[in-house]
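Thanks for coming, everyone. I'll take you through one chain, from the overall fold down to single residues. Have the viewer open.

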Amino acid sequence: MSDVLPVMRVLGALLALFAVSMGVPLAASLWAREGLWQHYATAIAVTSMASALLWGGLRAHKRELLPRHGVMLVSVVWGILPLFAALPLLLVMHAIGRPLSFTHAYFESVSGLTTTGATVLAELDRLPLSVNMWRTFMQWIGGMGILILAVAVLPLLGVGGSQLFKAEAAGPVKDTKLTPRMTETAKGLWGVYVVFSLVCALAFWLGGMTPPDAIMHMFATVSLGGLSPHDASFAYFESPLLETIALVFMLCASCNFALYFIALRKGNWRGFWRDPEMRATITALLGGGLLVALLLWAKGVYDPLQALRHGMFNVVSVATTTGFATTDYLGWPVFAPVFMLLLSGVATSAGSTGGGIKMVRMLILLKQARREMTRIVHPRAVQPVRLGDRVVDNRMIFSVLAFMLVYGATVITLSMVLLLTDLDMVTAFSAVLASVHCMGPGLGMLGPASNFAVLTDFQLWVCTLAMLLGRLEILSFMALLTPAFWRR
C-alpha cells in the first residue's frame with residue numbers, strides 16, 4: 001500500500017489536467033449552441049473533485065517516484081482515465097435520447113485515448129458537434145501521451161519525471177536522452193506535436209474542410225487515431241486533395257517525433273534521413289501501398305489512377321494504425337486486407353503516435369535472425385547486431401524477444417477467448433489484432449463499413465483489454481502481475 005499511495009497522488013494531479021481538457025468539448029458545445037454545456041461542466045466538476053481528493057488527501061505521501069512507481073502509474077492512468085473520459089459521453093448521450101451503456105462508453109473512451117479508432121456509435125453525422133469533438137480530441141491527447149504532457153507542464157509535481165517518461169515512452173529504446181532534463185525533452189516533443197497539429201489543421205481547412213472538420217480530422221490524423229465524425233470516414237469528402245494531405249501527415253506521424261525534435265533543434269536534417277528505422281518505416285508504407293495498388297489494377301478492381309489513389313491511402317491508413325477508409329476494402333482481393341492488417345503491426349516507429357510492435361523491434365529481430373544463421377555456418381564469427389552506426393546491446397535483444405513472446409501469447413489467448421463466445425475465426429482474430437495494434441477496423445464483421453457495436457458486452461471487454469495492453473506495450477502491465485514486482 002505504501003507504494004500505491006504516492007502513485008494515486010500523482011494520478012490526482014493528472015486528473016486535474018484531464019479536467020482542463022474537458023473544456024474543449026464544453027467550448028464546442030457553447031460555440032454550436034447545443035444547450036449541452038452543463039453536462040460537460042458536470043463531468044469537469046466530478047473529475048476535479050476526484051483530483052482534489054487524491055492530490056490533497058494524499059499530500060503526506062509526496063515522494064520521488066522510483067521506476068516501479070512509473071510502471072504502476074502508467075497502468076493505473078490508462079485504466080482509470082477512461083472512466084472519467086466516459087462521463088461526458090454518458091451524460092450527453094442520455095440527454096439527447098441515445099443513452100449509452102457503461103460498457104459502450106468505456107470502450108469508446110479507451111478507443112479514443114489509446115488512439116485505436118474503433119467505435120460502437122452509429123449515425124455519427126447526427127451527433128452533437130461537442131460529442132464528436134470530445135471523441136476526436138481524446139485521440140490527440142492520448143497520441144503523444146498524457147503522462148509525457150504532465151512531465152512537460154507539471155514540474156511542480158515533485159516526482160521523478162524520468163520515471164514517468166520512461167514508463168510511457170514507446171519502443172525498446174526508452175533510455176535515450178534527447179536533452180539533459182526529461183522535462184525539457186517532454187516539452188520539445190509536445191512542441192513538435194503541436195506544430196504538426198497546427199499545420200495539419202490549416203492544410204485540411206485550405207483543402208476544403210470546414211473549420212470543425214479540419215480540427216477534428218487533424219486530431220485523428222496526427223495522433224494516428226482515425227476516429228471520424230462521419231459514418232463514411234474519409235470517404236465523406238470524396239476529395240483526392242484531402243486524401244493526399246492526410247496521407248502526408250500520416251506518413252510524418254508514423255516516424256519518431258524525437259527525430260523531428262533533434263533536427264529542428266540542431267537545424268540539421270541529415271541525421272533524420274539516415275535513421276534506419278525511419279527509412280524502413282517509410283519504405284514499408286509506400287512499398288506496401290504500391291504493392292496493393294498494383295494488385296487492384298491487375299485484378300481489374302480499379303483503373304491505374306484509382307488503384308493508386310485507393311490502394312495507397314487505405315494501406316498507409318491501416319498500416320500506420322490510423323484506420324481511416326475511403327472504401328470498403330473487404331471487397332478487394334483477400335490478400336489486400338489481410339496484408340494491411342498484418343502490416344499495421346510493424347509499420348510505425350518507436351516514438352511515433354502509432355501502435356503495434358514498432359519497426360525498430362522488427363529490425364532487431366531480423367538482424368538477430370541473420371546473426372544466428374551466420375553462426376550456424378561460422379560458429380566463431382563475431383557479428384554484433386547493429387542499427388545504423390549503433391551496436392545493439394544484448395539486453396535490448398533479449399527484451400525484444402521477451403516482448404514478442406508475450407505479444408504472441410496475448411494475441412493467441414485473447415483470440416481463443418473470443419472464439420469461446422462463438423465469434424467466427426476471422427472476426428475474432430482480426431478484432432484482437434486490430435485492438436492490440438491500436439488500429440481500429442478489423443476483418444469479417446468488423447470491416448470499415450461496420451463497427452464494434454455488433455459485438456456483445458463480454459466481447460467488447462476483451463477488445464478493451466486488448467487495446468489497453470497494446471497501449472501499455474504489454475510488458476508494463478504484465479510486470480504488475482508478477483510477485484517479484486511487489487516484493488521489496
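Let me start with a term: contact means heavy atoms within 4.5 Å. Take the contacts in the chain between residues at least 6 apart in sequence: 73% of them join residues at least 24 apart.

Some ground rules. This is a predicted model, so local features need pLDDT of at least 70 and side-chain atom pairs count only at pLDDT 80 or more, while totals for chains, interfaces and linings use all residues. Numbering runs from 1 along each chain as its sequence is written, and side-chain values use heavy atoms, with hydrogens and water left out.

Now the overall picture. We have 22 helices and 2 strands. These are DSSP runs, numbered from the N terminus: helices are H or I with at least four residues, strands are E with at least two. The chain has 488 residues, and 58% of them count as buried. Buried means under 20% relative accessible area, exposed over 50%, partly exposed in between, with a 1.4 Å probe and protein chains only. The chain exposes about 20300 Å². Carbon and sulfur atoms supply 67% of that area. The areas come from Shrake-Rupley with a 1.4 Å probe; for residues, only the protein chains shown count as cover.

Next, aromatics. The structure holds 25 aromatic pairs. Rings of Phe, Tyr and Trp (its six-membered ring) pair if their centres lie within 6.5 Å; planes under 30 degrees apart are stacked, over 60 edge-to-face, the rest tilted. Look at Trp 140 and Trp 190. Their ring centres are 5.2 Å apart and their planes stand at 75 degrees, so this pair is edge-to-face. Trp 140 sits in helix H6 (residues 129-144) and Trp 190 in helix H9 (residues 182-206), so the pair ties together parts 50 residues apart in sequence. Trp 140 is buried, at 13% relative accessible area. Trp 190 is buried too, at 6%.

Phe 234 is in the loop between helix H10 (211-222) and helix H11 (240-253), and Phe 313 is in helix H15 (residues 304-319), 79 residues apart. Both phenylalanines are buried.

Back to the tryptophans. Which aromatic cluster includes Trp 140 and Trp 190? One that also takes in Phe 18, Trp 134, Phe 137, Tyr 193, Phe 196, Phe 219, Phe 257 and Tyr 260.

Now backbone. Most residues other than glycine have a negative phi. Thr 115 has a positive one, near 60 degrees. Thr 115 lies in the loop between helix H5 (102-113) and H6. At 3% relative accessibility, Thr 115 is buried. Beyond its neighbours within four places in sequence, its contacts include Gln 139, Gly 142, Thr 321, Cys 438 and Leu 224.

Leu 224 is also worth a click. Its phi is positive, about 55 degrees, although it is not a glycine. Leu 224 is in the loop between H10 and H11, and is buried at 0% relative accessibility.

Last stop: what lines the second largest cavity? Gly 356, Ile 357, Phe 403, Tyr 407, Val 436, Gly 470, Glu 473 and Ile 474. That makes 5 nonpolar, 2 polar and 1 charged.

That's the tour. Over to you.

Methods: 1 Å grid on protein atoms, 1.4 Å probe; cavity = no way out; pocket = protein on both sides within 12 Å on 5 of 7 lines; lining within 4 Å. Nonpolar A, V, L, I, M, F, W, Y, C, P; charged D, E, K, R; others polar.
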